[in-house]
Amino acid sequence: MCMIAEGLEYFDNDVRHCFALSTAVDTTNSAWKQAQLSFSRGGLGLHRLSEHSSACYIASLSMAGMCSESNRHLLNPINQFNEHVSNEEMVTLEAIRETPCRQIGRQHVCTALPDRARLISVSSPHAAAWLSTAPSPGLNLQLEPSEFQAAIQWWLGVDISGSQGATCPHCPAHSLDPLGHHALTSDVLAANWMMGKPAAFDFTVTSPLTSTVETYGCWGTEAKWALSQLASRLATRQNSAAVTALYQRLSMTLVRANVRALLSRTISDAGY
């Protein structure tokens, strides 16, 4: 039986409220829409029941072979489903009988170009591996509470600095930006290098594996090939899910380094 839409909306609001309490992150509407996406699409897997319940109900009846024209319980779920998708993805009773599983269209959660670029990067394969990593201090696979909070803010595009325009404690001539781009792209600054003038140094570390990876964890083609080769050899020797474990460790290491760079520049202004 279909659940009442109003009750589902209340439940979705409660989930958002609990998320804010447990993470101490007050999400914007755009950030919350991203959080509702799956890991593979750059979100946190907090799907809205009010949006997906109709699709689940239709799929359940379809798999049970109960999608006959005489089943009046399908009419409202089909209408509700079609309200959340584009015209090309709308379904009919005939289409449901022929194709049991249909996927709700991708939500357009970002409009600004930097946010769209961020969403593309966080939704790339293996970028969200840190979110599915079991915390383990013994294996150095954990984040401190302040680090986890900053990681969620950074991942969802929520204001990290806490103070728009605040001065960077390491680069007095630069201001912090809400999304932390300066903290993750700034060079090493020597305030008094020669003749009292500052100097900036840009360090680049290269590898014969050419393992390029973006800040948000989007791996380059050659890097993914090299890692898959390494993981396959580890799996042969250790008989383990080496590919997943390798990406989880690398992803956690990358995220932890990023959030520590962010916190080192916001601690004096945001109170971390």
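Is Trp32 buried or exposed, and at what relative accessibility? Please go on from there to the packing around the aromatic rings.

A: In this predicted model, Trp32 has a relative accessibility of 7%, which is under the 20% limit, so Trp32 counts as buried. Phe19 also counts as buried, at 10% relative accessibility.

A search of the whole structure gives 6 aromatic pairs. One of them joins Phe19 and Trp32: the ring centres are 5.5 Å apart and the planes stand at 50 degrees, so this pair is tilted. Phe19 belongs to helix H1 (residues 5–23) and Trp32 to helix H2, and the two are 13 residues apart.

Another pair is Trp219 with Tyr247, where the centres are 6.0 Å apart and the planes at 75 degrees, so the geometry is edge-to-face. Trp219 sits in the loop between strand S2 (197–201) and helix H9 (221–238), while Tyr247 is in helix H10, so the pair ties together parts 28 residues apart in sequence. Both Trp219 and Tyr247 are buried. One aromatic cluster is formed by Trp130, Trp154, Trp155 and Tyr216.

As for the nonpolar cores, the largest has 30 residues, and those with the most contacts inside it include Trp130, Trp154, Trp155 and Leu156. Helices H2 (29–35), H6 (113–122), H7 (145–156) and H10 (242–270) each supply at least two residues of this core. Its largest share, 6 residues, comes from H7. Beyond its neighbours within four places in sequence, Leu156 contacts Phe19, Thr27, Ala31, Gln34, Ala35, Leu44 and Arg118. A second, separate core of 8 residues has among its members Trp219, Leu227, Ala231 and Ala242.

Methods. Residues are numbered from 1 along each chain as its sequence is written. This is a predicted model: local features need pLDDT of at least 70, side-chain atom pairs count only at pLDDT 80 or more; totals for chains, interfaces and linings use all residues. Side-chain values use heavy atoms; hydrogens and water are left out. A nonpolar core is a set of buried Ala, Val, Leu, Ile, Met, Phe, Trp, Tyr and Cys residues joined through side-chain atoms within 4.5 Å. Buried means under 20% relative accessible area, exposed over 50%, partly exposed in between (1.4 Å probe, protein chains only). Helices (H or I, at least four residues) and strands (E, at least two) are DSSP runs, numbered from the N terminus. Contact means heavy atoms within 4.5 Å. Rings of Phe, Tyr and Trp (its six-membered ring) pair if their centres lie within 6.5 Å; planes under 30 degrees apart count as stacked, over 60 as edge-to-face and the rest as tilted.
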